[in-house]
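Have a look at the sequence and the structure first.

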Amino acid sequence: MAPTFYHYSPVPMVDNLEEFILTRRKLPLWLGLLLLLVAAGLLAPLIYFAVRANSEACLDGLRAQTECQEGNQHLQRQLHQAQEVLHEKEAEAATCNQTVVTLRDSLKKEQAQVAEFQGELKILNQKLKDALAEVERLRRQSETSPKNNASSCSSFLFVVVAVLVLNAPLP
């Protein structure tokens, strides 16, 4: 004899399968009411918030927010432009500062040269005074001694040339 296999089925054997499906698919009344209450409980706040979201005050708030965002974007553009101008002016200021440093160095060099020229001028002035004193001494000497007139004249001419050369402008 062939072995018999028993197959367990969670669905009991019924004569009318359609009737079984319809009875099995029915929700218990309490569960249906609970689902209906939950749906109504969720639908009521949803309707309330939808009405409030489309209210005049909410729409005014959205318009104000949009205007505020546009104003903010405008201010951001102005700030960006101002920052660009600031960077340009900072670069110009750096160039000016470098020019000032260069000019100060030049001025110090010029002042050192002027001081050097003043020292040389002082020395030349002293030489000129000495030469003039020598001319005066030679003139007195020539007045007292007429025979050295030719040599004193040439000495006088030499001193005059020296004075002219010393008074010539420096390069």
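## A salt-bridge network

Let's start with a charged cluster: Glu136, Arg139, Arg140 and Glu143 are linked in a network of salt bridges. A salt bridge here is a side-chain nitrogen of Lys or Arg within 4 Å of a carboxyl oxygen of Asp or Glu. Arg139 pairs with Glu136, their closest N and O atoms being 2.2 Å apart, and Arg139 also bridges to Glu143, with the closest N and O atoms 2.6 Å apart. Both Arg139 and Glu136 sit in helix 3, 3 residues apart, about one turn of the helix. Glu143 and Arg139 are 4 residues apart in helix 3, so again about one helical turn separates them.

Why does that spacing work? An α-helix has 3.6 residues a turn, so residues three or four places apart point the same way.

As for exposure, the cut-offs on relative accessible area are under 20% for buried, over 50% for exposed, and partly exposed in between (1.4 Å probe, protein chains only). Arg139 is partly exposed at 36%, Glu136 is partly exposed at 27%, and Glu143 is exposed at 54%.

## What kind of model this is

This is a predicted model, where local features need pLDDT of at least 70 and side-chain atom pairs count only at pLDDT 80 or more, while totals for chains, interfaces and linings use all residues. Residues are numbered from 1 along each chain as its sequence is written, and side-chain values use heavy atoms, with hydrogens and water left out.

## Overall layout

The protein chain has 4 helices and 0 strands; helices (H or I, at least four residues) and strands (E, at least two) are DSSP runs, numbered from the N terminus. Buried residues account for 6% of the 171 residues in the protein chain. The accessible surface of the protein chain is about 15600 Å², with 65% of it belonging to carbon and sulfur atoms; areas come from the Shrake-Rupley method with a 1.4 Å probe, and for residues only the protein chains shown count as cover.

Helix 3 (residues 56-144) has 89 residues and reaches 126 Å from first C-alpha to last, close to the 132 Å expected at 1.5 Å a residue. That expected span is 1.5 Å times one less than the number of residues. The buried residues of helix 3 are Leu124, Leu128, Ala131, Val135, Leu138 and Ser142.

## Another bridge in helix 3

The salt-bridge count comes to 7. One of them joins Arg63 to Asp60, with the closest N and O atoms 2.4 Å apart. Arg63 and Asp60 are 3 residues apart in helix 3, about one helical turn. Arg63 is partly exposed at 41% relative accessibility, and Asp60 is partly exposed at 38%.

Trp30, Leu34, Val38 and Leu42 form a nonpolar surface patch, with about 460 Å² of accessible area together. Patches take residues with over 30% relative accessible area and no salt bridge, joining like charges within 9 Å and nonpolar side chains (Val, Leu, Ile, Met, Phe, Trp, Tyr) within 5 Å. Trp30 is found in helix 2 (residues 29-53) and is exposed at 60% relative accessibility.

## Cysteines

How many disulfides turn up in the whole structure? The search finds 0, a disulfide being a pair of cysteine sulfur atoms within 2.5 Å. Cys68 is exposed at 56% relative accessibility, and Cys96 is partly exposed at 47%.
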